[in-house]
Each structure stands twice: as C-alpha cells, then as structure tokens.
Amino acid sequence: MSTLISVIDGGSDRIDHHPCPRCEACQLEVRYLGYPETRLATVHLWCNACLHGIEISRARAPEGMTVHPIKDAASADGIPDFVRHQP
C-alpha cells in the first residue's frame, strides 16, 4: 500500500523509479480502469519483472492520473495476468 500511496503522490501512470516491494526491480506500472467522468475506478498496480501486484476496486483516481474507460475492452490491453496480493 505504501508503494501505491507514493505512486498517487507522484501523479504519473509510469512509475519505473519506484522499486517493487517484492523483487526490488524498478518496473512498476499502474492503471486505473473505471469511469473518467467520476474518476471512480479499479486500480491495478503490478511489477513487470516478477508479475506480482495489487488490485483495489472503488478507488478514486487522483488528478493527473489517466482513467481508462472500463466499458472499452481495449483499456485492459497490456495489463498482464499478475499474481494479486491482498493490500
């Protein structure tokens, strides 16, 4: 969760400068899938090196973060089938 909080504070969709809490590789990505008009979304945070991450539903995307429309199937393109851990 602390990694996600630092991502939110940074306000960027690419967070390669943050190390993964599991493997310490700097290959983290975040994506918000939801409703751009309300900024309510499910946030996916994963590491491209070890393919572990978290998924939190009913999150409010901060200003500056892209909210990909959940109704557009292409919005999930590029999110790997990562191992989901409980936050």
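These legends accompany close-up views of a predicted model. Local features require pLDDT of at least 70 and side-chain atom pairs pLDDT 80 or more, while totals for chains, interfaces and linings use all residues. Residues are numbered from 1 along each chain as its sequence is written, and side-chain values use heavy atoms, without hydrogens or water.

**View 1. The open sheet of five strands.** The strand order is β4-β1-β2-β3-β5, with mixed pairing. Strands are DSSP runs of E with at least two residues, numbered from the N terminus; two of them pair if DSSP finds at least two bridges between them. At the edges, β4 (67-69) and β5 (83-84) each pair on one side only. Strand β1 (residues 28-35) runs parallel to β4, joined by three bridges. Leucine 33 has histidine 68 of β4 as its bridge partner.

**View 2. Two residues of strand β2 (residues 40-47).** Leucine 40 lies in this strand and, at 36% relative accessibility, counts as partly exposed. Threonine 42 also belongs to β2, but at 18% it counts as buried (buried is under 20% relative accessible area, exposed over 50%, partly exposed in between; 1.4 Å probe, protein chains only). Beyond neighbours within four places in sequence, threonine 42 is in contact (heavy atoms within 4.5 Å) with Arg31, Tyr32, Leu33, Glu55, Ile56, Ser57 and Arg58.

**View 3. Confidence along the chain.** The mean pLDDT (the predictor's confidence in each residue, from 0 to 100) is 87, and 85% of residues reach 70 or more. Helix α1 (residues 2-10) has the lowest confidence, at a mean of 66, and β4 the highest, at 97. Helices are DSSP runs of H or I with at least four residues. Where pLDDT is low, the predicted coordinates should not be read in detail.
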